[in-house]
Structures are given as structure tokens and as C-alpha cells.
Amino acid sequence: MAAKVLINGYGTIGKRVADAVDAQPDMEVYGVVKTSPDYLARLAVTEKGFDLYVPEDRVDAFEDAGIEVAGTVEEAVEAVDVVVDCTPEGIGARNKENLYEPAGVKAIYQGGEEADVADVSFVAQCNYEEALGVDHVRCVSCNTTALCRTLGAVEEEFGVEEAYVTIVRRAADPHQVGKGPINAIVPNPVTVPSHHGPDVKTVLGDLNITTAAVKVPTTLMHMHVVRVVLGDDGVSSDDVVELFENTRRVWVVPHGEGLGSTAELIEMARDLGRPRYDLYEIMVWEESINVEDGVLYYMQAVHQEADVVPENVDAVRAVLELEEDAEKSMDKTDEALGVLERPPFLG
Ligand code: NAD
């Protein structure tokens, strides 16, 4: 029988996770939770066919708006095998205390929560096994997920003495009309190092990493400029290209073939017919991969709305022990979502 999954919070991440869970053979969307009776609530019911659950004190607002409600969130958490909490940062921790723990239900949180909300901070290809059967797991942020995928591979293959990353952050998601800046580059946070390095360590343990971040007026993707002092000084640029070409959920993309910016990468996703132009994979520019005197440099782009989506699906499988083997779980997830190891058109 398919595992029953409730998605609590149906925004940027939640609506994607709902579709991703819906596409899996071994799990089903029991329902999605909304708090506002808006077009997205109507769309979830009428177009997607999801059952809608709302907080007890919001039922009247939805009924007044003529939107069909299947029940309350308080009832739903009692009926499911796991909740994927996709609410804004900080609310997940409150939901843990007020909803999930009283119902005794397993829960998966997002990267906006503090690491201590969960027993394990999770990136499937780094530490799937640690989440097997665990009650509370946190899928780390979009930036942390991306850094764990590529730096985790470099660490495992060549060893990392130290890594330094400059993170160029998109200022807002595309629909967030009220956020800025619209004409500035903002140190964010201004304190260096930034919190991203310690967050990577919640997954990759003792990786020696330092990060700094700035925010820029774009909505499409984040970008990382990475410098790594390798543990092995016999490594060539070609070795790293080959490593990333063989790393799951990472693509090596040629800047010289019309893919020279985040805008062009998103255009490629549109051309591929990806839903919501989602790029689940991390894009590393081939020409940026360079090793000089044991120091590796590369640049990667991260579709912030999408890279954590397959991670949430794998986290469901891990906590419910639907699949013991990380590779097999990722195979199922990736096949259902159309995540490609290396798309043929990239040569
Ligand atoms: P969002 O604001 O787009 O969506 C959150 C949704 O939850 C909204 O629809 C909101 O109305 C709803 N909500 C608010 N309070 C609620 C409650 N009490 N119960 C149920 N629903 C409630 O936010 P998002 O961008 O999807 O972020 C969700 C989480 O994912 C955060 O932890 C964030 O840090 C993390 N995350 C976001 C991104 C991104 O790029 N947007 C990337 C990775 C991780």
C-alpha cells in the first residue's frame, strides 16, 4: 500500500513536493494544507485533485469562499504516515511541538528551520542511511543542498583541506513582488563567515568550509563561486570534470553553447519542458572547473525552488524505510521526476 504523505504548507516548495510525491509509485498525497483561501487552494482541489486540509479555525473562511475542505490539519496529522512541513521558517518548529509530536507522526522539515528541529540534516546522496527510520529529518536549504552535492563528491574522491565559497543569492523567488533589492548588491549576511558553512557541516560533518554571501536583484537562481584546497595534489581539471559528470543530480554544462548565465540555464529548462522550469540538478560550468597547484576552482548555479524537491521525496522513503538503499531510492525519485544523470544534448 502506498505511504500516506501530508504536505503542510503549499507554497513555493510545498506545491512542488506535492507534485513530486504524487508522481512516485510507492507514496501518495493524502492531502495538502493551506491557510488562505486563494487561487492556489482552488487549483490544488480542482486541477490537481488533492484533498485540502486547513487549520480548525480557518474552515469557515474556506467554506465562505466556496472551496471544498476535506478536513482539518489536526485530523489529517493523525491519519498519515509522514508530514512534509513546507511552512515558512520557524513555523515548522512550532508545528513539531503543537501538531506532529502530539500525534506521534514522523515529519520532514525544510532548510529554513534550525538544525536542532530534527535528528538528522539530510542530503540523499550524502547521508541517506542516517535518516532510515528516524522521526524528524530536515532537508537542508537550497544552497546547502547544492554545496553538499558537489563538495561532498570532491571530499569523497580527492579529500578537501579547506573550502571557501562566495554565495551570490537571488533576492526573491519570482512571485515575491514585495521583496528587494531592485538596484543594489547587498551583503547578506554582512557578517563573515556566513551561516551557510556551518549548515553544510550539519550534513558533511568535519568539512573545513567557510562561506560569505551577497544578495543580488534576480529571481532565477543562486550562484556559488567555489575555491577548494584539495587533499591530493595530483588532481587535474579533467579529473574534476569527470567526477562531476558522474555525480548524481549534478550537470556539467558548457558555457560556450549558449548556457553562459543563469537566465540561459532557465531557458534550457523551459526548452526541456520541465514543469515550472524546474532544474533539480546543480549546474556546474565546465569552463570554470580549474585546478592549479592543488587548488580547485569552479562555479555552479542552483535553482533554489527545485533542487530540494527530490531530497524531500528521498527523505520520505528513508524515514518510512520504504527503501533501505540510497541509490535505489534516488533511482525511483529521479525516474519519476525526469531527473537526468547527463542529458544527451549536453554532449
Ligand atoms: P512560501 O512562503 O512560498 O510557502 C509557505 C506556505 O506555507 C505559504 O503558502 C503559506 O501561506 C503557508 N503557511 C504559512 N503558515 C502556515 C501554517 N501555519 N500552516 C500551514 N501553512 C502555512 O515558502 P517557501 O519558499 O516554500 O519556504 C518553505 C520552507 O522551505 C522554508 O523553510 C524555506 O526556508 C525553505 N526553502 C525555500 C526555498 C525557496 O527558494 N523558496 C528553497 C529551499 C528551502
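Pro189 is placed in the loop between strand S10, which spans 186-187, and H8, and in this predicted model the peptide bond that leads from Asn188 into Pro189 is cis, with omega near 5°. The loop between S10 and H8 also holds Pro193, and here again the bond is cis, running from Val192 to Pro193 with omega near 0°. Most residues other than glycine have a negative phi, and most peptide bonds are trans. A further backbone feature belongs to Asp293, which has a positive phi of about 50° although it is not a glycine; Asp293 sits in the loop that joins strand S15 (290-292) to strand S16 (295-302).

Two packed helices are described by the angle between their axes and the distance between the axes. For H7 and helix H8, the latter covering residues 196-204, the axes come within 9 Å and cross at roughly 60°, which makes H7 oblique to H8. The crossing in which H7 passes H8 is right-handed. On the H7 side the contact is made by Asn143, Thr144, Leu147, Cys148, Leu151 and Gly152, and on the H8 side by His196, Asp199, Val200, Val203 and Leu204. Sorted by class, the residues of this contact between H7 and H8 comprise six nonpolar, four polar and one charged.

H7, which runs over residues 142-158, also packs against helix H9 (residues 237-245), at an angle of about 120° and with the axes 10 Å apart. With angles of 65 to 115 degrees counted as roughly perpendicular and those over 145 as roughly antiparallel, H7 and H9 are therefore oblique to each other. H7 passes H9, too, in a right-handed crossing. Here Thr150, Ala153, Val154, Glu157 and Phe158 are the residues of H7 that meet Asp239, Val240, Leu243 and Phe244 of H9, and the contact contains six nonpolar residues, one polar residue and two charged ones.

Which helix gives the most residues to the lining of the second largest pocket? That helix is H7, with six residues. Rolling a probe the size of a water molecule over the atoms shows where empty space is left. The second largest pocket has a volume of about 360 Å³, and its lining consists of 20 residues, with Gln125, Ala153, Glu156, Thr247 and Glu327 lying nearest the centre. Helix H6 (124-127), H7 and helix H12 (326-337) are the elements that give two or more residues to this lining. In terms of class, the lining of the second largest pocket is made up of nine nonpolar, five polar and six charged residues.

H11 passes H12 in a right-handed crossing. In the contact, Val309, Pro310, Val313, Asp314 and Arg317 of H11 meet Ser329, Met330, Lys332, Thr333, Asp334 and Leu337 of H12, and by class this contact of H11 with H12 holds five nonpolar, two polar and four charged residues.

Key:
Residues are numbered from 1 along each chain as its sequence is written. This is a predicted model: local features need pLDDT of at least 70, side-chain atom pairs count only at pLDDT 80 or more; totals for chains, interfaces and linings use all residues. Side-chain values use heavy atoms; hydrogens and water are left out. Axes are lines fitted to C-alpha atoms, for helices over the stretch in contact, and angles run from 0 to 180 degrees between N-to-C directions. Helices (H or I, at least four residues) and strands (E, at least two) are DSSP runs, numbered from the N terminus. Angles under 35 degrees count as roughly parallel, over 145 as roughly antiparallel, 65 to 115 as roughly perpendicular and the rest as oblique. A crossing is left-handed if the near helix is turned anticlockwise from the far one by less than a right angle, and right-handed if clockwise. Contact means heavy atoms within 4.5 Å. Ala, Val, Leu, Ile, Met, Phe, Trp, Tyr, Cys and Pro count as nonpolar, Asp, Glu, Lys and Arg as charged, and the others, Gly among them, as polar. On a 1 Å grid over the protein atoms alone, a cavity is a set of points where a 1.4 Å probe fits but cannot get out, and a pocket is an open set with protein on both sides within 12 Å along at least five of seven lines; lining residues have an atom within 4 Å of a point. Grid points are joined across faces, edges and corners, and a volume is the space filled by probe spheres set on the points.
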